[in-house]
Amino acid sequence: GGRRRSGCVCGGGGGGVYFFFQAEDGIRGRLVTGVQTCALPIFHGLKTRGIAVDENLKISDRAHVVMPWHIVEDRALNDAVVDGEKIGTTLRGIGPCYRDKVGRNNAIRLGDMIRDDFRSRIDRIVAAKQPYLSSLASDTTLDAAAIYQEYQSYADALRPFVIDTTAMLLDAVEEDKAILYEGAQGALLDI
């Protein structure tokens with residue numbers, strides 16, 4: 001019917017494979033306001049597929065962002081053999097991003113990317129991560145300036161969609177609106 005709904009995608013996705021059918025269809029059909037927690041792949045994927053994201057897409061300012069150091073760390077850890085076996089990851093940096101999310105000091109949230117101290121945050125994290133990555137036998141040198149430039153362009157593109165989605169969803173509950181939650185690999189996967 002005419003009742004406005006919210007679709008909430010919680011984690012996962014990216015890499016050209018879409019696991020977001022309900023929220024994507026809602027955004028396309030203007031039936032829902034999509035709330036994304038896996039921001040960058042979703043945004044670029046929807047745009048490249050010709051799906052308008054305008055006012056129907058809202059992205060959590062608390063969404064954690066996979067950064068280049070996460071991918072380098074994921075690959076280095078995956079190459080390490082533990083008890084005769086490789087860890088077997090997707091090599092997209094998701095595990096190391098989760099580790100930084102829990103540790104908090106080296107995590108980057110989408111909200112961090114639109115704050116004035118974003119560049120200094122990247123500089124600090126790169127200075128901390130580079131020795132660690134070198135200890136994992138990675139020969140990758142992180143370039144804080146290049147990382148900032150690339151991710152600042154993402155922040156500029158995503159800025160109009162970034163909001164406090166917790167408040168938005170709480171308001172939707174108070175207004176007795178229907179909320180559709182879609183999560184990767186079932187419930188409670190997120191930390």
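# Close-up views of the predicted model

Figure 1. Tyr148 counts as partly exposed because its relative accessibility is 25% (buried means under 20% relative accessible area, exposed over 50%, partly exposed in between, with a 1.4 Å probe and protein chains only). This is a predicted model, in which local features need pLDDT of at least 70 and side-chain atom pairs pLDDT 80 or more, while totals for chains, interfaces and linings use all residues. Residues are numbered from 1 along each chain as its sequence is written, and side-chain values use heavy atoms, with hydrogens and water left out. The structure holds two aromatic pairs (rings of Phe, Tyr and Trp, the last by its six-membered ring, with centres within 6.5 Å; planes under 30 degrees apart are stacked, over 60 edge-to-face, the rest tilted).

**Figure 2. Two tyrosines pair within H7.** The ring centres of Tyr151 and Tyr154 are 4.9 Å apart and their planes stand at 85°, so this pair is edge-to-face. Both tyrosines lie in helix H7, three residues apart, which is about one turn of the helix. An α-helix has 3.6 residues a turn, so residues three or four places apart point the same way. Tyr151 counts as buried because its relative accessibility is 7%, whereas Tyr154, at 22%, counts as partly exposed.

**Figure 3. Helix H6, with a kink at Lys129.** H6 covers residues 118-135, and its 18 residues should span 26 Å at 1.5 Å a residue; the end C-alpha atoms are 26 Å apart, which agrees (the expected span is 1.5 Å times one less than the number of residues). Have a look at Lys129, where H6 has a kink of about 30°, shortly before the proline Pro131 (the bend is the angle between axes fitted to the seven residues ending there and the seven starting there). Lys129 is also one of the buried residues of H6, along with Phe118, Arg121, Ile122, Ile125, Val126, Gln130 and Leu133. Their cover includes helices H3 (68-79), H4 (94-103), H5 (110-113) and H7 (144-158).

**Figure 4. The largest nonpolar core has 26 residues.** The members that touch the most others are Met67, Trp69, Ile108, Leu110, Met113, Ile122 and Ile147 (such a core is a set of buried Ala, Val, Leu, Ile, Met, Phe, Trp, Tyr and Cys residues joined through side-chain atoms within 4.5 Å). At least two residues of this core come from each of strand E3 (57-60), H3, H5, H6 and H7.

Figure 5. The 12 residues of H3 should span 16 Å at 1.5 Å a residue, and the end C-alpha atoms, 17 Å apart, agree with that. Trp69, His70, Val72, Glu73, Asp74, Ala76 and Asn78 are the buried residues of H3. Pro96 lies in helix H4 and counts as buried because its relative accessibility is 2%. Neighbours within four places aside, Pro96 is in contact with His70, Glu73 and Asp74 (contact means heavy atoms within 4.5 Å).

**Figure 6. Lys58 and Pro160 across the chain.** Lys58 lies in strand E3 and counts as buried because its relative accessibility is 19%. The C-alpha atoms of Lys58 and Pro160 are 8.5 Å apart, although the two are 102 residues apart along the chain.

**Figure 7. Two loop residues with positive phi.** Most residues other than glycine have a negative phi. Arg104 has a phi near 70° and lies in the loop between H4 and H5. With a relative accessible area of 63%, Arg104 is exposed. For Asp176, phi is near 60°, and the residue sits in the loop between helix H8 (165-174) and strand E7 (178-183). Asp176 is exposed too, at 58% relative accessible area.

**Figure 8. The whole chain, for orientation.** The protein chain has eight helices and seven strands, and buried residues make up 41% of its 191 residues. Among contacts with a separation of 6 or more, 68% join residues 24 or more positions apart.

Notes. Helix = DSSP H or I, 4+ residues; strand = E, 2+ residues; numbered from the N terminus.
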